Amino acid sequence: MDGSISTTTSSSSPLRFAKKPPSPRPLLNPAPRLARRQPTRLRAISPSPSPPTPTPPQQQQQTMEAFGFDALKETFSVDVAAAEARPLNVPLAAPFTIASSRLEAVANVAVRVELSSGAVGWGEAPVLPSVTAEDQPAALAAVGRACAALVAARGAPLGAVLQDVADALPGHAFASARAGVEMAVIDAVANSIRIPLWRLFGGASNSVTTDITIPIVTPNEAAQLAAKYRGQGFQTLKLKVGKNLNSDIEVLKAIRLVHPDCSFILDANEGYTANQAIEVLDRLNEMGVTPVLFEQPVHRDDWEGLRDVSIAAMEKYRVAVAADESCRGLLDAQKIIHGNLAHVINIKLAKLGVLGALEVIDAARKAGIALMIGGMVETRIAMGFAGHLAAGLGCFSFIDLDTPLLLSEDPVYGGYEASGPVYKFKNARGHGGFLHLDNNNGWK
């Protein structure tokens with residue numbers, strides 16, 4: 001247990017939240033609210049990770065039915081006693097190179113929120129250059145301001161608190177910071193009512209099966225990784241491509257030699273032109289290789305190119321194309337849906353936030369667009385939250401939640417259990433993961 005943590009406010013531009021007067025506690029958002037019914041106060045538990053008191057099965061079922069996520073947004077009152085953001089730095093086992101960037105260590109932001117009841121929640125704001133708008137200092141400052149405002153604000157229904165966070169950290173510019181705060185608040189609430197997140201989000205399943213990523217490396221290195229992952233039980237390999245077309249083909253050939261039965265996802269991270277992307281599919285077809293998915297083949301703003309690749313890929317080879325970097329919010333998702341620009345939308349909490357992701361998921365499901373869930377380079381805090389979300393909703397055709405497996409060490413205690421590609425969510429409440437403070441007052 002790390003105990004209560006104080007919060008300070010950054011010198012960056014202030015949020016809309018009102019400062020805390022001596023008495024009474026102010027609203028999180030100083031603007032007047034519409035009249036709301038009085039929220040139901042639920043009996044809370046001590047801060048995670050202390051073991052929960054057993055609850056009778058019938059009572060657990062009644063609680064789950066009464067307090068799904070949508071219901072909790074109206075009925076659960078959130079009163080934050082302490083909140084903090086700190087750097088979360090973890091080295092990678094090997095450099096992670098994609099078409100648009102190279103990463104040698106995770107430089108994310110960990111978020112801890114403690115409710116007045118004592119329940120604690122954890123979140124993570126992932127940072128990936130060229131994909132997230134924030135770098136670590138910017139994310140740390142933004143999350144720190146939001147944490148200070150949460151502590152200073154009067155208790156309010158969960159939905160109102162999350163909406164105020166979204167209003168204060170708006171759009172893609174603050175998406176990763178917003179996601180980290182949302183994760184921590186939602187995890188604290190789930191811990192408070194003793195429900196695992198996968199049940200809170202629908203209860204479809206308590207496990208997921210992920211692919212695993214091979215970054216841009218030499219053919220020999222790719223073959224070694226593919227052989228290793230085959231031995232660990234991974235059937236779907238996600239191959240990063242997009243820097244050099246001919247090199248990409250050689251890597252694919254090398255992988256096929258050591259893992260001939262694997263399924264391929266190609267992820268170009270915006271690296272190809274439309275013509276190059278179609279040429280890759282043509283050459284793979286000559287090799288007898290058909291990817292199960294082609295992710296973000298062209299630049300995020302090349303809408304015409306995305307549509308051209310999607311049409312050619314499906315008509316010629318029955319290959320689905322996914323929009324990832326092109327979908328940074330609900331408006332982008334609606335453009336993709338209405339324009340028939342892609343067959344799949346990749347959901348990432350760090351580029352959409354939690355509430356934003358749920359909006360895009362809802363729009364895609366109503367339109368019959370397939371869904372993928374992925375992440376940046378994250379620890380098991382953010383990836384565990386995303387995994388619970390995917391398991392609970394049960395609506396994702398592609399699961400890409402592998403990056404904790406690429407880290408040189410695991411700083412997270414508790415959380416999900418990984419057996420090769422299978423993640424099992426056996427924790428009793430929340431996402432189950434947490435961090436400790438080290439002697440230097442940082443996360444370890």
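## Strand β8 and its neighbours

Strand β7 (residues 212-214) pairs with β8 in the parallel sense over 3 bridges. Strands here are DSSP E runs of at least two residues, and helices are H or I runs of at least four, numbered from the N terminus. Two strands pair if DSSP finds at least two bridges between them. Across this pairing, Ile 214 stands opposite Leu 239 in β8.

The model is predicted: local features need pLDDT of at least 70, side-chain atom pairs count only at pLDDT 80 or more, and totals for chains, interfaces and linings use all residues. Residues are numbered from 1 along each chain as its sequence is written, and side-chain values use heavy atoms, without hydrogens and water.

β8 also pairs with strand β9 (residues 263-267), in the parallel sense, over 5 bridges. Here Lys 238 stands opposite Ile 265 in β9.

Right-handed means that, with the strands pointing away from the viewer, the path from the first strand over the helix to the second runs clockwise. β8, helix α8 (residues 245-258) and β9 make a right-handed unit too.

## The largest cavity

A cavity is a set of points on a 1 Å grid over the protein atoms alone where a 1.4 Å probe fits but cannot get out; lining residues have an atom within 4 Å of a point. The largest cavity is lined by 15 residues. Phe 96, Lys 240, Lys 348, Gly 375 and Met 376 lie nearest its centre.

Methods: 1 Å grid on protein atoms, 1.4 Å probe; cavity = no way out; pocket = protein on both sides within 12 Å on 5 of 7 lines; lining within 4 Å.
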